[in-house]
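Please open the model in your viewer and keep the selection tool at hand.

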Amino acid sequence: MQMTTIAIDQPMQAPDGNTTIPPTGLATHVTLGFSEGRLPRIVSITRSARTLAQAPASTTSGPTNADAASTDPQFPQTLDAGLQVGEMPSILPTQAEGWTGAPAIQVARNGVELFPALTVTHSQHTSNAVTLNATDQQAGIAVDTTIEIGPEGLLHIDTALTNTGKSPLAVNRLTPVVPLPPQVSEVESCTGHHLRERALQRQALTEGVFAKESRMGRPNFNATTLLTAGERGFGFEHGLVISAHVAFSGNSTTFIERTPYTHGVIGGGELPYMGEIELAQGATYHAPRLLVGVGEGLNEVSAKFHAYLRALHPELAKPRPVMLNTWEAMYFAQSEGKVIALADRAAEVGVERFVIDDGWFKGRRDDTKALGDWQVDPTLWPEGLGTVAHHVHDLGMEFGLWFEPEMISPDSDVARAHPDWMLAPNSERLPMASRAQQVIDLTNPAAAAYVEHAIDVLVSEYHIDYIKWDHNRFLTEPISPASGHPGVHQQTEAFYAIVDHLRERHPGLEIESCSSGGGRIDAGVLARCSRVWASDCTDPVERADIQRGTSLLVPPEMIGEHISESPNHATRRATSLTMRASMAFFGHLGIEWNIMKLNDADFAQLKSWVDLYKQRRADIPQGVLVHADSADPAIRVDGLVAPDRSRAVFRFAAVASSQDYPYGLVRLPGLDNAACYRIRPLGGTSRYKDEFSPNCRTALSWWTDEGAVVDGTTLTQWGIRPPQLAPEHAVLIEVTRA
């Protein structure tokens, strides 16, 4: 088999041509192979310290203007009992090229499935991207694909399908794939549920399909932030891994498929319902972006996704304001006097953003009614929210407000006035209720305009700086009465549009994606929202793994991590303030607690943690988040390392009783092997006096305010003896270049 190739490389500068991109490991290079005019396949994804020769931009009307044809050293022999061409899946494999797995393109016309045979008609490439145009005139479709390596080192795969035929075309699947390297043998994904989101799970890579699919109108609690295939035993720090993520907030699939004839592919895309995406002649469907990262261990791949999201949000470079959210402080029992008193106390403890949660709007006294009536309740706020908003701003804090714009209570004024504004399978019944609420049909332009206007008016009137945007319901049986078709795709696009419009009209407005906690966390929503609420569970022991799973995709300063009351409202577990503050220390710090009832000593202790966090955010505003691999399932070691590796903060947490007594050595990854570092308790030893096990008979020699100096090689490769903690306690370790 003859093949021509194109190589593209990771750019070393941002799109502005000036900003140098912080390194996230070795540079990524991709080689694509073309043969017989069909769509290209990825020959290899490699990483190296050197930059390959940068190809000039080029264009051709033929399939490719790549290097001269040469023999393909990877092409398989043809064997008995198969097709005449062996399987080497392209970027969008179909049966026409001999692919026996799930077709990447599934389309139908007049109720009959088509079998596309695409031919590349035009291509162009630059040093870091290839753009392809392919058609099947008989099927009446055209496909445009761009494969680009971003400055952060991720593959961005963007695909669009156009109906060039005369009759409508139904699109059921458009899922690009990337081949797996031969050495991978394990699959890691996430599972979970409300209050236990994104727990990691692992299994062998076997023949067949492993897919993480969502049909609930959002990624959901068990969504896999990254779907990863890797070498046997891979971890955060070691082993070749390749990870994929679909940047979309509606129904989606991310999958790995292996056939007996291949090493397998990894890919993903939208998961539309039948009849949901129908294209008129000339219309185009744009598939969600597929992001793929390759690296040595999950830490390296995660750093690339963090860099990708940070580049979309320049506001993240500013200090992330400490916030207080009123939910766990007062739930629905709001009043103007209580909220103002809490705001005063919040300002004293160092809060910089004050957010009023659910319960502020007309008729909302519990979670059974009034969603959709986005008008201020005059019985709670006689002069509107102006008094509170002005007071919060006068205290030097930002003012935030909770909304759930995509949901509607049947017991609400807006539902009574517009019963046809609710998604429903037919005119005779509504979908199964959830929290006494339904979904407002944002695919209906009138409903979308009402929601957008209601929020816009309040943001303008009260100078709202921040919106906590909640989404507490599955989208089941989501038929739009306005169109008669399933509406998840258009509902998601309408949500994006409302957020985009609000941000355009109100520069500086920040929006948090909250969805029953962590039900909508993906790169689609994170292109628009500066923050996610990782989970409604604020128990620090549970958060240890919830935040780890979330951080595979999301940089720490975008993850809401709050200090809450003890015992915890979700688990009834009692924990120390040190444990709660330590577990919230790397993310976007907040308080979820009625601090009005704290005595002076407890209030001072909380304030000292807020002050320490502010010092950390100044020293390491956007650090490299690392997780250490450990053989002990009872401990977690996580770190936030400055990009220049001059300083770091590590958290050592005991989530259960250990198999070791005392603990074994723990390593501190991500540091400079050539440097020496001083290690000591962050904030002094007195802060952690109640965290130690009562069985300690001697002191730990380095655990002093002065600390000790240790070389980087020992810290990263061999480790130090951690303090012996009581189970469900934690400490923070300061590391500074000596």
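A search of the whole structure finds 9 cavities of 30 Å³ or more; on a 1 Å grid over the protein atoms alone, a cavity is a set of points where a 1.4 Å probe fits but cannot get out, and lining residues have an atom within 4 Å of a point. Grid points are joined across faces, edges and corners, and a volume is the space filled by probe spheres set on the points. Before you select anything, note that this is a predicted model, in which local features need pLDDT of at least 70 and side-chain atom pairs count only at pLDDT 80 or more, while totals for chains, interfaces and linings use all residues. Residues are numbered from 1 along each chain as its sequence is written, and side-chain values use heavy atoms, with hydrogens and water left out.

**The largest cavity**

Select Pro219, Ala223, Thr224, Ser252 and Thr254, which lie nearest the centre of the largest cavity among its 20 lining residues. The space in this cavity is about 220 Å³. Where does the largest cavity lie? It lies between domain 1 (3–309) and domain 2 (314–524), because both give residues to its lining; these bounds come from an automatic or database domain assignment.

**The second largest cavity**

Next, select helix 8 (540–551), which gives 4 residues, the largest share, to the lining of the second largest cavity. Helices (H or I, at least four residues) and strands (E, at least two) are DSSP runs, numbered from the N terminus. The volume here is about 80 Å³, and the lining residues include Phe586, Leu625 and His627.

**Cis peptide bonds**

Now move to the backbone, and select Ser566 and Pro567, which are joined by a cis peptide bond with omega about 0 degrees. Pro567 is in the loop between strand 33 (559–564) and helix 9 (577–583). A second stop is Tyr661 and Pro662, where the peptide bond is also cis, with omega near 0 degrees; Pro662 belongs to the loop between strand 37 (647–654) and strand 38 (676–681).

**Positive phi**

Most residues other than glycine have a negative phi, and most peptide bonds are trans. Select Asn220, whose phi is positive, near 85 degrees, in the loop between strand 16 (208–214) and strand 17 (227–230). Is Asn220 buried or exposed? Asn220 counts as buried, at 10% relative accessibility, where buried means under 20% relative accessible area, exposed over 50%, and partly exposed in between (1.4 Å probe, protein chains only). Finish at Glu728, which has a positive phi of about 70 degrees and is partly exposed at 24%.

How values were computed:
1 Å grid on protein atoms, 1.4 Å probe; cavity = no way out; pocket = protein on both sides within 12 Å on 5 of 7 lines; lining within 4 Å.
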